[in-house]
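Q: Could you show me, step by step, how to read the helices and the buried residues of a structure that is new to me?

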Amino acid sequence: MSLRRGCSVGALSGLALLAACTAPPPAPASAAAAPVVQIKPEPLPVTPVPVPQVVIVQSPPQPTPQQPPLPAAPPVNEEEQQALALLVDLQRYAVEAGEDLRRELAAANLALTRSRSDANRMRLAMLLTLPTAGPPDDARALSLLEPIVGRSGNASPMKQIASLLYAQITERARSVREEQRKSAVAQEKLDALRAVERSLLLERSRNAGGGGGGGGGGTGR
């Protein structure tokens, strides 16, 4: 019994010795930590890359079409200015009232006595044809325009206006004469009918008077 126990104790002691032999040796104490030195990397040399030269080729400018210069407006001469002023007055006469037109007619007569210009002649001729300005006088209006219309040479603006007025007044005068002729013919017919009527009444009266006398004589017998 004691021998078995001794063998067991010996075996355990051998196992402990074997475990001690197989265990790794203890790690040596670590040395003091060395200071960390940061190493700055040196910059690498940069070799510039050659850039090829860019050549921009521009096409030659296309010639722009030359536009012809605008013709300069011709200067307005004195006669054209008078013609424009005259047209404004003639348009104004067409819408003015009778009292205003009568004053315009008196002023136009006075202006013509001072200056017998074409514009003054046409203003007065126009006013003489307006019934609201006074009794129309187409004959005098035409006589005022005849020197301008019959003038030889190129058709100036004043002559064109005068020719237009002359044609309108001539047509107006013709219409008036035609109306007067028709009125005269109608009056002649009316006078003839009245004459026939008076003749019939007179004949009837004579017949009535003669019949009454004959009847009275027969009764007396």
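**Reading helices and buried residues**

A: We begin with how the model is to be taken: it is predicted, so local features need pLDDT of at least 70 and side-chain atom pairs count only at pLDDT 80 or more, while totals for chains, interfaces and linings use all residues. Residues are numbered from 1 along each chain as its sequence is written, and side-chain values use heavy atoms, with hydrogens and water left out.

Q: Which secondary structure elements does the protein chain have?

A: Helices (H or I, at least four residues) and strands (E, at least two) are DSSP runs, numbered from the N terminus. Here the protein chain has six helices and zero strands, so that its elements read α-α-α-α-α-α from the N terminus on.

Q: Which residues of H2 are buried, and which are exposed on the face turned away from them?

A: Buried means under 20% relative accessible area, exposed over 50%, and partly exposed in between (1.4 Å probe, protein chains only). In H2 the buried residues are Ala83, Leu86, Asp89, Leu90 and Tyr93. Seen down the axis of H2, they fall within an arc of 125 degrees (taken from the directions from the helix axis to the C-beta atoms), so they line one face of the helix. The face of H2 turned away from its buried side carries Leu84, Val88 and Gln91, which are exposed.

Q: Which residues of H5 are buried?

A: They are Asp138, Ala141, Leu142, Leu144, Leu145 and Ile148. Down the axis of H5, these buried residues lie within an arc of 160 degrees, so they too line one face of the helix.

Q: Where is Thr129, and what is it in contact with?

A: Thr129 sits in the loop between helix H4 (118-128) and helix H5 (138-149), and it is buried, with a relative accessible area of 9%. Contact means heavy atoms within 4.5 Å. Leaving aside neighbours within four places in sequence, Thr129 is in contact with Asp138, Ala141, Ile169 and Arg172. Thr129 and Ala141 are 12 residues apart in sequence, and their C-alpha atoms are 7.2 Å apart in space.
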